[in-house]
Amino acid sequence: MTNKTRLFKKSLLAVTITLASSQAMAAGFQINAQSATGIGRAFAGDAVIADNASVMARNPAAMALFDETAFSIGFESITSMIEVKDAQYCGAACTATGGLVPADNASYDDAGDTSIAPNIHLIVPINEKFAVGVNAYSNFGTKTEFSDGYAGKEFGGLTDVKSVNIGVAGSYRMNEQWSFGAGLDLIYGKGELTRPSPLGAGNALEADADGWAIGFNLGTVYELDENNRFGFAYHYTPELEAEGDINYLGQTSDTLYIPLPDIAEFSGFHKIENTKFAVHYSVQWIGWSDFDVLKADDIGVLNNYEWQDGWHYSIGGTYYLNRDWTLRAGYMYDTSAQDQVTSVSVPDSDRQWFSTGFTYHITEKSNIDFGFTYLLGQDVDVAENTENPLSPGSDLTSLTATTHADAILVGLQYSRTF
């Protein structure tokens with residue numbers, strides 16, 4: 001392909017950033033979908049709290065904190081609310097006449113959707129030193145779709161992407177203070193995209209690709225005493241090779257090479273002595289700057305994205321009300337991965353998480369967890385265009401807009417020990 005138009009490059013952006021990652025971007029949001037307890041505290045302290053088996057997804061070393069077999073199963077619903085406002089679309093006629101043909105209103109009330117992300121985790125202590133675990137969770141599940149009649153249809157279209165992480169891990173307790181862990185992640189991702197032609201004849205892009213990648217994770221836990229502990233974990237995710245059918249204006253490709261971010265997290269947990277209250281916190285780094293270019297087999301570099309690393313800063317509190325009820329809340333500030341390159345199909349911004357949840361203890365060995373989070377995004381200015389294939393360097397169509405994306409996360413989970 002000699003004419004790599006921005007339509008093709010920006011359309012692929014929506015799927016390539018989400019196909020596979022231990023965490024993933026869902027309609028502009030980086031979603032954690034490992035547990036309902038995490039949702040209820042904005043994932044503050046989640047690499048070390050270890051109140052159920054889902055902790056192995058954040059830090060394999062925390063499995064050493066269990067002296068009984070632990071099992072958790074649950075799901076998360078993700079409802080994204082995406083608004084495109086103050087939008088103006090300059091189509092082919094508008095561009096050709098230098099604006100004498102007026103631009104169309106391209107505002108859109110809601111391009112979001114609701115998806116379900118399940119999870120399951122099992123930790124089995126072998127003896128006082130060793131524990132092993134297996135888990136599976138959907139680290140992405142969302143759908144963004146603009147109607148066929150949308151004025152800037154080539155910038156919207158359909159984006160439907162899902163991913164699954166299957167993990168196996170082990171931990172080793174060195175002494176009363178230090179524990180270490182490691183695990184392997186088998187990651188599967190699948191994405192489907194369509195982008196209508198700006199000229200109104202069929203689809204300019206149809207893509208259906210999937211692929212596998214193998215990553216690993218390492219972690220450690222330091223226990224100062226029974227009420228104070230710290231955890232650190234690192235997740236490595238390699239470049240994913242996604243294969244499928246990609247058709248752009250009659251030209252085809254079958255393989256995308258997708259660089260994915262590594263993730264590091266530090267967490268702390270502190271139970272305040274002689275009280276029912278605990279405070280916990282996390283700082284997480286996501287190496288999105290690795291997503292610098294997108295390459296396709298037999299085509300080469302499709303685009304430079306110039307993404308920036310992301311950060312999560314979260315703090316939360318847990319109140320152990322009585323034997324039956326545990327209450328929690330949390331706040332997170334989550335920075336955007338996008339810098340200069342923005343899109344209406346993948347709106348992204350810095351985000352704030354406002355979270356609350358509870359645990360109801362059915363028995364001493366079983367409980368139900370509920371978590372709720374409202375993610376509040378920011379307004380972001382977007383300017384997109386498609387290059388004219390007959391006149392390189394000039395635009396065929398263009399779109400300017402302001403995007404705003406919020407989300408609601410709800411999690412429900414059952415956990416027990418044996």
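Visitor: Which residues make the nonpolar surface patch of about 980 Å²?

Guide: This is a predicted model, in which local features need pLDDT of at least 70 and side-chain atom pairs count only at pLDDT 80 or more, while totals for chains, interfaces and linings use all residues. Residues are numbered from 1 along each chain as its sequence is written, and side-chain values use heavy atoms, with hydrogens and water left out. A patch is built from residues with over 30% relative accessible area and no salt bridge, like charges being joined within 9 Å and nonpolar side chains (Val, Leu, Ile, Met, Phe, Trp, Tyr) within 5 Å; accessible areas come from the Shrake-Rupley method with a 1.4 Å probe, and for residues only the protein chains shown count as cover. Here the patch is made by Phe-75, Ile-116, Ile-272, Phe-277, Tyr-319, Leu-321, Trp-325, Leu-327, Tyr-360, Ile-362, Ile-368 and Leu-412.

Visitor: Where does Phe-75 lie?

Guide: Phe-75 lies in strand 3, strands (E, at least two residues) being DSSP runs numbered from the N terminus. With 35% relative accessibility, Phe-75 counts as partly exposed, since buried means under 20% relative accessible area, exposed over 50%, and partly exposed in between (1.4 Å probe, protein chains only).

Visitor: How should I read a salt bridge, and how many does the structure hold?

Guide: Side chains of opposite charge can pair when their charged atoms come close. The term is used for a side-chain nitrogen of Lys or Arg within 4 Å of a carboxyl oxygen of Asp or Glu, and the structure holds 11 salt bridges. One of them joins the side chains of Lys-85 and Asp-379 at 3.2 Å, N to O; this pair links distant parts of the chain, 294 residues apart, with Lys-85 in strand 3 and Asp-379 in the loop between strand 20 and strand 21 (380-387).

Visitor: Which partner does Arg-351 have, and how far apart are the closest N and O atoms?

Guide: Arg-351 forms a salt bridge with Asp-334, and their closest N and O atoms are 2.9 Å apart. Arg-351 is in strand 19 and Asp-334 in strand 18, 17 residues apart. Arg-351 counts as buried at 1% relative accessibility, and Asp-334 is buried as well, with a relative accessible area of 0%.

Visitor: Is Arg-323 buried or exposed?

Guide: Arg-323 counts as exposed, at 68% relative accessibility. Its salt-bridge partner is Glu-364, with the closest N and O atoms 3.4 Å apart, and Glu-364 is exposed with a relative accessible area of 75%. There is also a network of salt bridges that links Arg-41, Asp-46, Asp-51 and Arg-328.

Visitor: What is the volume of the largest pocket, and which residues lie nearest its centre?

Guide: Rolling a probe the size of a water molecule over the atoms shows where empty space is left. On a 1 Å grid over the protein atoms alone, a pocket is an open set of points where a 1.4 Å probe fits, with protein on both sides within 12 Å along at least five of seven lines, and lining residues have an atom within 4 Å of a point. The largest pocket has a volume of about 780 Å³, a volume being the space filled by probe spheres set on the points, which are joined across faces, edges and corners. Of its 31 lining residues, Ala-50, Asp-51, Asn-52, Phe-66 and His-361 lie nearest the centre. Among the elements that give two or more residues to this lining are strand 3 (70-90) and strand 22 (395-417).

How values were computed
Helix = DSSP H or I, 4+ residues; strand = E, 2+ residues; numbered from the N terminus.
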